[in-house]
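Subject: Structure handover

Hello,

Here is the structure I promised to pass on. My notes follow below it.

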Amino acid sequence: GVDGNGATDMSINSSRSLFILDGQDLWKSDNFGVTWTKINEDYNGAEGQNGAVFSVDKSDGLVIMETDQEVWRSNDSGASFTKISTDFNGGNGNIFGISVNSSNVIFVVDNQADVWESENSGATWTLVKDDYNAAASNGADGMTIDLSNNLYILDIQDVWKSTDSGISWTKINDDFNGAGDSNAGSVIYSGENNYVYIIDGSEDV
């Protein structure tokens, strides 16, 4: 369409409505992706920053975290957003993954490989783990959570897991796609059966 190609992140609410964040625009589908409506253009007004990660929490609040580490929230299914936090991680850089557990705690991983949590819908944040990967590298490529509240972080071809809400992390796979495939992972997702899926740079699943 005239809006070009691309998408930043995707999430779903309790009514099974799908949402796609594309830069500063928010799209919604109420028929499992068959048709889409842009419900918010420039959710942050004239500020100009794009969203980095996006999720719907357990109370159906929409949370967008930007490349300048601001946090925006919508309590009306995306019609309007309010900035609820500025520079949530104290200049630590961009965010590369977001997940929400069954107690509605929001977890994110940032550019310095630090894991943060918010227990109040994104308004304030606490550092849970400094360098989840023991300073192996900075950054991450994605985060997900399973039905048992285990957290997973994808970092290039490594998969890290935390069973204690992000406090400690173990590398459970150091080359998820095998020695013959050098493509880094792009997306990690845990499904309803607790299986973990990864899509890599060559579009393999």
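Predicted model: local features only at pLDDT ≥ 70, side-chain atom pairs only at ≥ 80, totals over all residues.

Leucine 151 belongs to the largest nonpolar core, which has 14 residues. Val109, Val115, Tyr132, Met143, Leu151, Ile153 and Trp169 have the most contacts inside this core. A second core is separate and has 12 residues, including Met65, Val71, Val100 and Ile106. In soluble globular proteins, nonpolar side chains tend to be buried together.

Val187, Tyr189, Tyr195, Tyr197, Ile199 and Val205 make a nonpolar patch of about 640 Å². β17 (185-190) and β18 (196-200) each supply at least two of the patch residues. Tyrosine 189 sits in strand β17. Its relative accessibility is 47%, so tyrosine 189 counts as partly exposed.

Now the salt bridges. The whole structure has 8. Arginine 16 pairs with glutamate 192, with 3.6 Å between the closest N and O atoms. This pair links distant parts of the chain, 176 residues apart. Arginine 16 is in the loop between β1 (9-12) and β2, and glutamate 192 is in the loop between β17 and β18. Arginine 16 is partly exposed at 40% relative accessibility, while glutamate 192 is exposed at 63%.

Arginine 73 and aspartate 57 form another salt bridge, at 2.7 Å between the closest N and O atoms. Arginine 73 is in strand β7, and aspartate 57 is in the loop between β5 and β6, 16 residues away. Are these two residues buried or exposed? Both are buried.

Lysine 28 and aspartate 30 also meet through their side chains, 3.8 Å from N to O. Aspartate 30 has a relative accessible area of 55%, so it is exposed. Asp25, Lys38 and Glu41 are linked in a network of salt bridges.

Glutamine 24 is in the loop between β2 (18-22) and β3 (25-29). Its relative accessibility is 15%, under the 20% limit, so glutamine 24 counts as buried. The side chain of glutamine 24 makes a polar contact of 2.8 Å with the side chain of asparagine 44. Beyond four places in sequence, glutamine 24 also contacts residues including Asn40, Glu41, Tyr43, Gly48 and Asn50.

Lysine 58 is in the loop between β5 (51-56) and β6. At 52% relative accessibility, lysine 58 counts as exposed. Beyond its sequence neighbours, lysine 58 touches Val100, Asn101, Ser102 and Asn104.

Last, the backbone. Most residues other than glycine have a negative phi. Glutamine 69 has a positive phi of about 70°. Glutamine 69 lies in the loop between β6 (62-66) and β7 (71-74) and is buried at 9% relative accessibility. Serine 77 also has a positive phi, near 60°. Serine 77 is in the loop between β7 and β8 (82-85), and is partly exposed with a relative accessible area of 32%.

Best wishes

Note on methods: Residues numbered from 1 in each chain as written. Heavy atoms only, no water. Helix = DSSP H or I, 4+ residues; strand = E, 2+ residues; numbered from the N terminus. Buried < 20%, exposed > 50% of the residue type's maximum accessible area, 1.4 Å probe, protein only. Polar contact = N/O pair within 3.5 Å; in protein donor to acceptor, adjacent residues only side chain to side chain. Contact = heavy atoms within 4.5 Å. Patch = residues over 30% accessible without salt bridge, like charges linked within 9 Å, V, L, I, M, F, W, Y side chains within 5 Å. Areas by Shrake-Rupley, 256 points an atom, 1.4 Å probe, with all protein chains shown as cover. Salt bridge = Lys/Arg side-chain N within 4 Å of Asp/Glu carboxyl O. Core = buried A, V, L, I, M, F, W, Y, C linked by side-chain atoms within 4.5 Å.
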